[in-house]
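Dear colleague,

Please find the structure below, handed over for your own analysis. My notes on what was found in it follow.

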Amino acid sequence: PKTSTAEVKPGEIPETVAPALSGTAIASIRDIYKSELRARIEENKYYPAVARRMGHKGTVIVAFTLLSDGTIINARID
């Protein structure tokens with residue numbers, strides 16, 4: 001028999017696996033991914049010392065586009 005290997009890009013679910021996953025399972029995987037992504041952002045946040053000394057306060061919004069291959073584009077801080 002002939003065998004072949006297919007390249008799977010990050011973020012993609014191989015066609016042979018996708019039918020076996022329920023919508024609930026896929027949603028769960030997305031929730032885990034989002035949770036991990038938020039955790040990484042939280043780990044890298046810091047309050048600049050100068051801003052703290054000057055009493056600056058506010059909310060920072062981190063925005064970006066995440067492509068299906070895992071690439072981040074349009075990253076910005078508002």
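Ile72 lies in strand 2, where strands are DSSP runs of E with at least two residues, helices are runs of H or I with at least four residues, and both are numbered from the N terminus. With a relative accessibility of 46%, Ile72 counts as partly exposed; buried means under 20% relative accessible area, exposed over 50%, and partly exposed in between, with a 1.4 Å probe and protein chains only. Together with Tyr33 and Leu66, Ile72 makes a nonpolar surface patch of about 270 Å². Patches are made of residues with over 30% relative accessible area and no salt bridge, like charges being joined within 9 Å and nonpolar side chains (Val, Leu, Ile, Met, Phe, Trp, Tyr) within 5 Å. Accessible areas come from the Shrake-Rupley method with a 1.4 Å probe, and for residues only the protein chains shown count as cover.

Please note that this is a predicted model, in which local features need pLDDT of at least 70 and side-chain atom pairs count only at pLDDT 80 or more, whereas totals for chains, interfaces and linings use all residues. Residues are numbered from 1 along each chain as its sequence is written, and side-chain values use heavy atoms, with hydrogens and water left out.

As to the overall arrangement, the protein contains two helices and two strands, in the order α-α-β-β from the N terminus on. Of its 78 residues, 3% count as buried. The protein exposes about 7400 Å², and carbon and sulfur atoms supply 57% of that area. Contact means heavy atoms within 4.5 Å; among contacts between residues at least 6 apart in sequence, 21% join residues at least 24 apart.

The two strands form a hairpin. Strand 1 (residues 62–66) and strand 2 run antiparallel and are joined by four bridges, two strands being paired if DSSP finds at least two bridges between them. Five residues lie between the strands of this hairpin, in which Gly70 takes a positive phi near 95°. Strand 2 covers residues 72–77 and is hardly covered itself, the count of buried residues among its six residues being zero. Asn74, which is also placed in strand 2, has a positive phi of about 55° although it is not a glycine. Asn74 counts as exposed, at 51% relative accessibility.

Arg76 in strand 2 stands opposite Ala63. Arg76 is partly exposed, with a relative accessible area of 44%, and forms a salt bridge with Asp78, the closest N and O atoms being 3.4 Å apart. A salt bridge is a side-chain nitrogen of Lys or Arg within 4 Å of a carboxyl oxygen of Asp or Glu. Asp78 is exposed, at a relative accessible area of 51%.

Ile61 is placed in the loop between helix 2 (49–53) and strand 1. Leaving aside neighbours within four places in sequence, Ile61 is in contact with Arg76, Ile77 and Asp78. The C-alpha atoms of Ile61 and Arg76 are separated by 8.3 Å, with the two residues 15 apart along the chain. Ile61 counts as partly exposed, at 48% relative accessibility.

A search of the whole structure finds two salt bridges. Besides the pair of Asp78 and Arg76, Glu42 forms a salt bridge with Lys45, with the closest N and O atoms 3.2 Å apart. Lys45 counts as exposed, at 52% relative accessibility.

With kind regards
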